[in-house]
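Here's a friendly walk through one protein model. Keep the sequence and the 3D view open while you read.

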Amino acid sequence: MAEQVTDATFESVVLKSDLPVLLDFWAPWCGPCRAVGPIIDELSTEYAGKVRIVKMNVDENPATPTKFGIRAIPTLVLFKNGETVEQITGAVTKAAMKDLLDNKALA
């Protein structure tokens with residue numbers, strides 16, 4: 001299960017992580033977010049110890065999505081060494097997410 005991150009924990013969990021971090025911006029009312037959610041949870045298990053995979057509820061944590069200009073969800077943002085490496089908006093397949101992780105996070 002992917003870890004939940006909040007505005008309060010964002011800096012310590014995401015920006016200061018020793019591992020690359022894939023952050024899923026989502027909301028419970030968002031259909032595509034609910035479709036992507038189980039894939040995010042599967043990937044958090046598959047990439048454990050290699051990539052930190054976390055989720056942020058944009059309704060409960062408005063500051064971070066605003067700071068990063070998130071205007072649509074789901075949006076996946078890959079961070080490496082505290083910097084944004086890649087951003088994907090919309091529901092994407094597990095294969096596309098694995099491709100992102102293998103070629104951008106672990107490269």
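First, some housekeeping. This is a predicted model, so to speak of local features we need pLDDT of at least 70, side-chain atom pairs count only at pLDDT 80 or more, and totals for chains, interfaces and linings use all residues. Residues are numbered from 1 along each chain as its sequence is written, and side-chain values use heavy atoms, with hydrogens and water left out.

**The cysteine pair**

What does a disulfide join? It's a covalent bond between the sulfur atoms of two cysteines. The rule used here asks for a pair of cysteine sulfur atoms within 2.5 Å, and by that rule the count comes to one disulfide. Cys30 and Cys33 are the partners, with 2.4 Å from S to S. The link is right-handed, with 80° about the S-S bond.

Where do the two partners sit? Cys30 is found in the loop between β2 and α2 (31-46), while Cys33 is in helix α2. Helices (H or I, at least four residues) and strands (E, at least two) are DSSP runs, numbered from the N terminus. UniProt, in an unreviewed entry, puts the feature "active site" at Cys30 and Cys33. Its positions are given in the numbering used here, feature names are shortened, and annotations may be inferred rather than shown by experiment.

Now for who touches whom. Contact means heavy atoms within 4.5 Å. Leaving out residues up to four places away in sequence, Cys30 touches Ile73 and Pro74. With the neighbours within four places set aside, Cys33 is in contact with Trp26, Ala27, Ile73 and Pro74. Pro74 lies in the loop between α3 (63-67) and β4.

**Buried or exposed?**

Buried means under 20% relative accessible area, exposed means over 50%, and partly exposed is in between (1.4 Å probe, protein chains only).

| Residue | Relative accessible area | Class |
|---|---|---|
| Cys30 | 4% | buried |
| Cys33 | 3% | buried |
| Asn57 | 5% | buried |
| Gln4 | 45% | partly exposed |
| Asn81 | 66% | exposed |

**The cores**

A nonpolar core is a set of buried Ala, Val, Leu, Ile, Met, Phe, Trp, Tyr and Cys residues joined through side-chain atoms within 4.5 Å. The largest one has 18 residues, and those with the most contacts inside it are Val5, Val14, Leu23, Phe25 and Ile73. At least two of its residues come from each of α1 (10-15), β2 (21-26), β3 (52-57) and β4 (75-80). The largest share, four residues, belongs to β2. Another core lies apart from it, with 16 residues, including Ala2, Tyr47, Leu100 and Leu101.

Not counting residues up to four places away in sequence, Leu23 touches Val5, Phe10, Val54, Lys55, Met56, Thr75, Leu76, Val77 and Phe79.

**Along helix α2**

α2 has 16 residues and reaches 24 Å from its first C-alpha to its last, close to the 22 Å expected at 1.5 Å a residue. That expected span is 1.5 Å times one less than the number of residues. Where does α2 kink? There's a kink of about 30° at Gly37, shortly before the proline Pro38. The bend at a residue is the angle between axes fitted to the seven residues ending there and the seven starting there.

An α-helix has 3.6 residues a turn, so residues three or four places apart point the same way. In α2, the buried residues are Cys33, Val36, Gly37, Ile39, Ile40, Asp41, Leu43 and Ser44. Their cover includes β2, β3, β4 and α4 (94-105).

**A few single residues**

Asn57 is found in strand β3. Leaving out residues up to four places away in sequence, Asn57 touches Trp26, Ala27 and Pro28.

Gln4 lies in strand β1 (residues 3-4). Again not counting residues up to four places away in sequence, Gln4 touches Trp26 and Lys55. Gln4 and Leu23 are 19 residues apart along the chain, and their C-alpha atoms are separated by 9.5 Å.

Asn81 has a positive phi of about 55° although it is not a glycine.
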